Amino acid sequence: MVKVEGIVGDTLQQTLVDLIALELQAKQAHWNIKGPNFRALHLALDEVVSLVRNDLDEVAERLATIGGNPDGREATVAKTSSLDELESGDLPVDKTYEVMAQKVQAVCDKIRENLSEADDADPITGDLLITVVSGLEQQAWFLRSATK
């Protein structure tokens, strides 16, 4: 069995809280965007939320499978997520495309920081994290491309 202590457990836990934060922020933006092309971004953010919800469940279940205790409590997410808080109030569509693309990419980049080490220690976890990054990078690209 893989040791949950160390890089594998730490990487899975950090990925979990970052995915939860990203899901919440994407939904917050989804509810508060205003302006031209509202509908397209509204639907794009639903795609991000759907992908992230599936991914965070897979990550939490992998962590539990290897003997860890996934911690997705709101206090843990608020304290340990690597994402900056999303501003409140009305969010202009054009700016929100850019902000959300950056947030999605930031989660990818955070996962990549320890991906090689986690993969070396546990290739199954590595494969899961690669899948997560692949899906998120595609969503970041979709968001970036919508404003060019």
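Me: Which helices do the buried residues of α6 pack against?

Reply: Keep in mind that this is a predicted model. The buried residues of α6 pack against α1, α2, α4 and α5.

Me: Okay, and which residues of α6 are buried?

Reply: Here's the general idea: an α-helix has 3.6 residues a turn, so residues three or four places apart point the same way. Now the case here: the buried residues of α6 include Leu129, Val132, Val133, Leu136, Gln139, Ala140 and Leu143.

Me: How far apart are the end C-alpha atoms of α6, and what span should its 23 residues have?

Reply: You count 1.5 Å a residue, so the 23 residues should span 33 Å. The end C-alpha atoms are 32 Å apart, which agrees.

Me: What about the largest nonpolar core: which residues there touch the most other members?

Reply: Generally, nonpolar side chains tend to be buried together in soluble globular proteins. In this model the largest nonpolar core has 43 residues, and those touching the most other members are Leu12, Leu19, Leu22, Leu41, Met100, Leu136 and Leu143. The elements giving two or more residues to this core are α1, α2, α4, α5 and α6.

Me: Take Leu143, then. What is it in contact with?

Reply: Skip its neighbours within four places in sequence, and you get Leu41, Ala44, Val48, Tyr97, Met100, Ala101 and Val104.

Me: And His30, is that buried or exposed?

Reply: Compare its relative accessibility with the cut-off: buried means under 20%. His30 is at 6%, so it counts as buried. This residue sits in helix α1.

Me: What does the side chain of His30 have a polar atom 3.0 Å from?

Reply: That would be the backbone oxygen of His42. Not counting residues up to four places away in sequence, His30 touches His42, Leu45 and Asp46.

How values were computed
Residues are numbered from 1 along each chain as its sequence is written. This is a predicted model: local features need pLDDT of at least 70, side-chain atom pairs count only at pLDDT 80 or more; totals for chains, interfaces and linings use all residues. Side-chain values use heavy atoms; hydrogens and water are left out. A nonpolar core is a set of buried Ala, Val, Leu, Ile, Met, Phe, Trp, Tyr and Cys residues joined through side-chain atoms within 4.5 Å. Buried means under 20% relative accessible area, exposed over 50%, partly exposed in between (1.4 Å probe, protein chains only). Helices (H or I, at least four residues) and strands (E, at least two) are DSSP runs, numbered from the N terminus. Contact means heavy atoms within 4.5 Å. A polar contact is a pair of N or O atoms within 3.5 Å; within protein, one must be able to donate a hydrogen and the other to accept it, and residues adjacent in sequence count only if both atoms are side-chain atoms. The expected span of a helix is 1.5 Å times one less than its number of residues.
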